[in-house]
Structure formats: structure tokens, C-alpha cells
Amino acid sequence: VFISFAFAVSCTIPAFSVESDIVYKGTLKLDVYRTSPANAPVLLFVHSGGWFQGDKATAQGQVLGEDLSARGINVVSIDYTLAPQGYYPAPLKDIDCALRWVAANAGVYGFDATRVYLGGYSAGAHLSLLYSLNANAYADSQCPYAGPAPSVKKVFSGAGPTDLTVPMPNASLQGMVDNFLTGTRAYGEAS
């Protein structure tokens, strides 16, 4: 015998919308997962992909964007310069410019620019952590948005590498790190 119960729960879930492919710098784009409450916090999400592949519309970015925006948090998922089109520190300058975009567009999208968070997975987590340690070092002089990037309140890292001076456990991973740092010899600086 199979018995089924159904429960009705009354709760209010904020409405959200998605705006895709907004250019923020050159050919780089971002997606905005916008929640309905005005003056809501915003998370800048940086995708994974070994610094050479992936984009803002990864399953991670989409699921996180939809989930958090339905809970009252705006999410901005960004593309950044990938190797071999650019190397360290180019992606960090892209994060700086994306954060400046957030500040410049706070009124348009209902962002609270005093509650800005940063995070990502794997390579995106690494970039988020590194940017948060010394944001001023990655100020993007080519960014079209005036003013400094807003202060990042908190950072989350999902499986982000933290010490690139330590040899990676396999040649494939080591190749990704070497590719990201091509020509810079900045293993310690990028850790």
C-alpha cells in the first residue's frame, strides 16, 4: 500500500529575471540574475575552467544565479579573459572592471553597492581569492567605468587552488597553471 501526503506551504519567493550578454568591457559580457527587492546585495560570480575555458553561462553560474536571485540576492556572472587571449593578471583586471560595472549600474539593477560579494569555483575561486587579497594591485586602467571598484564584503571559494608554487598532482593541472602564468614567472605573486 502506497500512501501519499501533500503539504501546502505558504511562502513568498522573490521574483527574479535574467538579463544576458551585457557587454561590460570590450567583448567581455556578463549575465545579471536580478532579484525583485530593491537595494539587494549582489554576488559577482567568476566561472571555473582552468583559466582557459568556460564562460559566464556555465551550469554553476546559472544554477547559483537562479537559486540566489530567488532568495533575494542579485548575481552577476562574468566572462573574463581566458588564456591564450590573455594571461595573469588580465582576468583579475576584468574582475575589477566588472565590480566597477556593478557600482555604476547599482541604481539601474537595484544592487546595494555596499553589500558586494565575490566568489567562484576552481579557477574562478582562485581569481576571486587573489583579487580580494590585493584589489588595488589589479585596478584596471582600461575599464570604461570611472571610480574605484566597490569594497568586497566577503569572498567564497569553491575548490580554488591557493598555492601555485606547489607542483600540481598531475601534468594536466600543471599545464593549466603554467598556461595561465605564461610569460610572467609570477607563481608566488599569483598564489
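Let me start with Pro37, which sits in the loop between β2 (28–35) and β3; helices (H or I, at least four residues) and strands (E, at least two) are DSSP runs, numbered from the N terminus. This is a predicted model, in which local features need pLDDT of at least 70 and side-chain atom pairs count only at pLDDT 80 or more, while totals for chains, interfaces and linings use all residues. Residues are numbered from 1 along each chain as its sequence is written, and side-chain values use heavy atoms, with hydrogens and water left out.

Back to Pro37. Its relative accessible area is 35%, so Pro37 is partly exposed. On that scale, buried means under 20% relative accessible area, exposed means over 50%, and partly exposed is in between, with a 1.4 Å probe and protein chains only. Not counting residues up to four places away in sequence, Pro37 touches Pro14, Gly72 and Gly110; contact here means heavy atoms within 4.5 Å. From Pro37 to Leu181 the C-alpha distance is 41 Å, for a sequence separation of 144 residues.

Next, the loop between β3 and α1, where Gln53 is placed. Gln53 has a relative accessible area of 43% and is therefore partly exposed. Leaving aside residues up to four places away in sequence, Gln53 touches His47, Ser48 and Leu82. Asp55 lies in the loop between β3 (40–46) and α1 (59–69). At a relative accessible area of 35%, Asp55 is partly exposed. With residues up to four places away in sequence not counted, Asp55 touches His47 and Asp79.

Gln53 and Cys143 are 23 Å apart in space and 90 residues apart in sequence. Asp55 and Phe180 are separated by 16 Å, and 125 residues along the chain.

How many aromatic pairs does a search of the whole structure find? The search finds eight. The criterion is that rings of Phe, Tyr and Trp (its six-membered ring) pair if their centres lie within 6.5 Å, with planes under 30 degrees apart counted as stacked, over 60 as edge-to-face and the rest as tilted. One of the pairs is Tyr88 with Phe180, which is edge-to-face, at 5.9 Å centre to centre and 75° between the planes. This pair links distant parts of the chain, 92 residues apart: Tyr88 is in the loop between β4 (74–78) and α2 (90–104), and Phe180 is in helix α5 (residues 171–180). Both Tyr88 and Phe180 are buried. Ring pairs also join Trp51, Tyr88, Tyr138 and Phe180 into a cluster.

Now the nonpolar cores. A nonpolar core is a set of buried Ala, Val, Leu, Ile, Met, Phe, Trp, Tyr and Cys residues joined through side-chain atoms within 4.5 Å. The largest one has 40 residues, and Val76 and Trp101 have the most contacts inside it. Helix α2 supplies the largest share of this core, seven residues. Trp101 touches, among others, Ile22, Leu30, Val76, Phe111 and Tyr145, not counting residues up to four places away in sequence. As background, nonpolar side chains tend to be buried together in soluble globular proteins.

What about disulfides? The structure holds one, a disulfide being a pair of cysteine sulfur atoms within 2.5 Å. Cys97 and Cys143 form it, with their sulfur atoms 2.3 Å apart. The torsion about the S-S bond of Cys97 and Cys143 is about 75°, which makes the disulfide right-handed. Here too, distant parts of the chain are linked: Cys97 is in helix α2 and Cys143 in the loop between α4 (123–133) and β6 (152–158), 46 residues apart. Cys97 counts as buried, at 0% relative accessibility. Cys143 is buried as well, with a relative accessible area of 11%.

Last, helix packing. The axes of α2 and α4 are 10 Å apart, and the helices pack at an angle of about 75°. That makes α2 roughly perpendicular to α4. Axes are lines fitted to C-alpha atoms, for helices over the stretch in contact, and angles run from 0 to 180 degrees between N-to-C directions. Angles under 35 degrees count as roughly parallel, over 145 as roughly antiparallel, 65 to 115 as roughly perpendicular and the rest as oblique. At this packing, Pro91, Leu92, Ile95, Asp96 and Leu99 in α2 meet Leu127, Ser128, Leu130 and Tyr131 in α4. Helix α4 is mostly covered, with eight of its eleven residues buried. Its buried residues pack against β3, α2, β5 (111–121), β6 and α5.
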